[in-house]
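Come along while I look things up, one entry at a time.

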Amino acid sequence: MREEKLLDLRPNLNLDTEDSSDIEAFQNNILRPLLKFQHELTLSMLNHSTHFIKMKEKIDQDDLKLYTETVLKYVGTNIVFKNKMIGAIVGLMTLKEFSFYSENQAELNKRILSMQVQRYVDSKNL
């Protein structure tokens with residue numbers, strides 16, 4: 001029952017993963033929809049972080065490259081934030097997906113962080 005409900009929550013992105021490796025297919029079929037579904041929450045987590053707010057105040061936020069570097073630095077160095085953000089994604093996986101994630105955790109965490117940083121930067125321009 002839990003798994004059906006979790007799968008029903010996800011947006012369908014209709015990505016072609018036929019010629020993809022297992023990791024790429026997982027990224028596109030599982031991670032991307034979860035990141036999209038959780039985007040408002042994870043963006044709010046970022047924008048309510050006192051440390052990130054202080055970092056933003058020190059830069060020209062119209063400089064997209066500098067903003068991107070700031071987001072990347074914050075997400076990459078703040079272990080507590082990084083773990084919360086990854087937890088927000090992993091917590092919505094089915095048991096089978098979590099099993100695959102656990103076996104490939106290091107690689108998939110890198111992909112989650114990379115895609116999430118890009119989503120944060122893209123959201124700034126909206």
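**Ground rules.** Before anything else I noted how burial is judged: buried means under 20% relative accessible area, exposed means over 50%, and partly exposed is in between, with a 1.4 Å probe and protein chains only. This is a predicted model, where local features need pLDDT of at least 70, side-chain atom pairs count only at pLDDT 80 or more, and totals for chains, interfaces and linings use all residues. Residues are numbered from 1 along each chain as its sequence is written, and side-chain values use heavy atoms, with hydrogens and water left out.

**Entry 1: histidine 51.** I looked up histidine 51 and found it in helix α4. Helices here are DSSP runs (H or I, at least four residues), numbered from the N terminus. Histidine 51 counts as partly exposed because its relative accessibility is 46%. I then asked which residues histidine 51 is in contact with, leaving aside its neighbours within four places in sequence. They are Tyr74 and Asn78, where contact means heavy atoms within 4.5 Å. I also checked aspartate 122, which is 71 residues from histidine 51 along the chain; their C-alpha atoms are separated by 21 Å.

**Entry 2: aromatic pairs.** How many aromatic pairs does the structure hold? I found six. Rings of Phe, Tyr and Trp (its six-membered ring) pair if their centres lie within 6.5 Å; planes under 30 degrees apart count as stacked, over 60 as edge-to-face and the rest as tilted. One of the pairs is phenylalanine 52 with tyrosine 67, which is edge-to-face at 6.3 Å centre to centre and 70° between the planes. Phenylalanine 52 lies in helix α4 (residues 50-57) and tyrosine 67 in helix α5, so this pair ties together parts 15 residues apart in sequence. Phenylalanine 52 is buried, at a relative accessible area of 0%, and tyrosine 67 is buried at 4%.

Phenylalanine 52 also pairs with tyrosine 74, and this pair is tilted, with 5.3 Å centre to centre and 50° between the planes. Tyrosine 74 lies in α5 and phenylalanine 52 in α4, so the pair ties together parts 22 residues apart in sequence. Tyrosine 74 is buried, as is phenylalanine 52. Ring pairs link Phe52, Tyr67, Tyr74, Phe81 and Tyr120 into a cluster.

**Entry 3: valine 71.** Next I turned to valine 71, which lies in helix α5. Is valine 71 buried or exposed? With 0% relative accessibility, valine 71 counts as buried. Not counting residues up to four places away in sequence, valine 71 touches Phe52, Val117 and Tyr120. Glutamate 103 is 32 residues from valine 71 along the chain, and 28 Å separates their C-alpha atoms.

**Entry 4: helix α8.** I checked the length of α8 against what its 20 residues should give. The expected span is 1.5 Å times one less than the number of residues. For α8 that is 28 Å, and the end C-alpha atoms are 28 Å apart, which agrees. The buried residues of α8 include Leu108, Ile112, Met115, Val117 and Tyr120. What do the buried residues of α8 pack against? I listed α2 (22-37), α3 (39-47), α5 (64-77), α6 and α7 (95-103). Glutamate 107 is also in α8, and at 33% relative accessibility glutamate 107 counts as partly exposed.

**Entry 5: α6 against α8.** The axes of α6 (residues 79-90) and α8 (residues 105-124) come within 11 Å and cross at roughly 95°. Axes are lines fitted to C-alpha atoms, for helices over the stretch in contact, and angles run from 0 to 180 degrees between N-to-C directions. Phe81, Lys82, Met85, Ile86 and Ile89 of α6 meet Asn109, Ile112, Leu113, Gln116 and Tyr120 of α8. By class, this contact of α6 with α8 has seven nonpolar, two polar and one charged residues. Ala, Val, Leu, Ile, Met, Phe, Trp, Tyr, Cys and Pro count as nonpolar, Asp, Glu, Lys and Arg as charged, and the others, Gly among them, as polar.

**Entry 6: α3 against α8.** The axes of α3 and α8 come within 11 Å and cross at roughly 80°. That makes α3 roughly perpendicular to α8. On the α3 side, the contact is made by His39, Thr42, Leu43 and Leu46, and on the α8 side by Gln116, Arg119, Tyr120 and Ser123. The residues of this contact of α3 with α8 divide into three nonpolar, four polar and one charged.

Note on methods:
Helices (H or I, at least four residues) and strands (E, at least two) are DSSP runs, numbered from the N terminus. Angles under 35 degrees count as roughly parallel, over 145 as roughly antiparallel, 65 to 115 as roughly perpendicular and the rest as oblique.
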